[in-house]
Amino acid sequence: MKRESTEKLQEEKQDAVEKLPAKKQRLESKEEEEVVAETFADPTLDVTFKMLFGNDLNKDILISLLNSLLGFTGHKEIVEVEINSNELPVSFFSKEKGESGITSAIDILCTNKGKQKIAIEMQGQKTKYFLPREQEYMAKLISLQVKEGEGKLYHEKVLETYIIVIGKSNIFVGDTKLQNQKLFEIDVQPMVIQTNEIIPGNKMFWKFFELPKFQESDNYRTIDKDSALKEQWLEFLIDCSKKDEEPDRSDIIKRGYEIMKVANWTPDQKALYWKQKMNEIAFLEAQQLQEEEALIKAHEAFEKGQLRGEIKGEIGKIKIALENKWEDEKIVKKLKHTHDKFTSIKEYFEQNPTQLTEDDNESIIMGELGLLDDYS
């Protein structure tokens, strides 16, 4: 089992090493890459997402997205929205200058007929501060709803507030991993820990959708025009730019495809889109390059550590063999790594005979012989 694991690590390292030069050359090249034409644009970029859902001309599309993702029907169904394009500018919620990653912000903020605020955020890459940041977003959205003199009306003045987060990469992984890794739709509300109940009178609602997990689900594989709109919208966000022809879906989804048809755009819209598209591709490739370089370093460290352990083992064997007065030729035949260093190791023990009887001193001996420089 250990041998198979080691061989697998070596294969992974070799694969990464072989791919690395080409990727580095591509990233370091100053020439512009040829952009492959798309029939339909990627709706998850900032410019296209706002073109679809942040445009007053397409309010029916935004309403469809909101009702389907939030599951609003009956008296909760949204029938009218006001898009608050200037209330939360991108610069207000952008990440600090100098931080790595794709800048994210509240992409769409709107208010329904009941004055409840609903924010939609398209999240590119998971960051360690992502979930705490969502709490800050919520705090800003619900702040200042209670005016001076209304201190006894919090239960009326603080309205239900919603943040919808759509993740292009999985959010609840790594140090935020949930037990069920097949969940692609996650509802978050403040809870009473002792009773596992939602806090009474809660006004804060988060809704997370992880597109990669949805793509791995049975829901994704069986979508057609009669599927739930929620699933059709999630599929649309994933697959739109991959399609050459408009698929047979609900009429509102077809509207989305029509708006995303690149051939219908102005030259300025196309230029802005391709710029964002190439920036994202460059970032993702650079991120992948860093991960593969880290993988190679990790494998090299593993191999060095493994080799160092084998060297220590051979020094232990030499100690035992010398104690038992084996012939030099017989000892050397048993050595894989230190056969060419046997003479210096033997001379060391001859000069330091007490080391032959000391236990667990192989690391000290490696250091005194200068072998740590070769195998550390």
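Residues are numbered from 1 along each chain as its sequence is written. In this predicted model, local features need pLDDT of at least 70 and side-chain atom pairs count only at pLDDT 80 or more, while totals for chains, interfaces and linings use all residues, and side-chain values use heavy atoms, with hydrogens and water left out.

Q: Why is the pair of Phe236 and Tyr257 called edge-to-face?
A: Rings of Phe, Tyr and Trp (its six-membered ring) pair if their centres lie within 6.5 Å; planes under 30 degrees apart are stacked, over 60 edge-to-face, and the rest tilted. Here the centres are 5.0 Å apart and the planes stand at 85°, so the pair is edge-to-face.

Q: Which helices hold Phe236 and Tyr257?
A: Phe236 lies in helix H9 (residues 229-239) and Tyr257 in helix H10 (residues 251-259), 21 residues apart. Helices are DSSP runs of H or I, at least four residues, numbered from the N terminus.

Q: Why does Phe236 count as buried?
A: Buried means under 20% relative accessible area, exposed over 50%, and partly exposed in between (1.4 Å probe, protein chains only). Phe236 has 0% relative accessibility, so Phe236 is buried.

Q: What puts the buried residues of H13 on the same side?
A: The buried residues of helix H13 (residues 342-351) are Phe342, Ile345, Tyr348 and Phe349. They cover an arc of only 125° around the axis, so they lie on the same side of H13. The arc is taken from the directions from the helix axis to the C-beta atoms. On the other side, Thr343, Glu350 and Gln351 are exposed.

Note on methods. Helix = DSSP H or I, 4+ residues; strand = E, 2+ residues; numbered from the N terminus.
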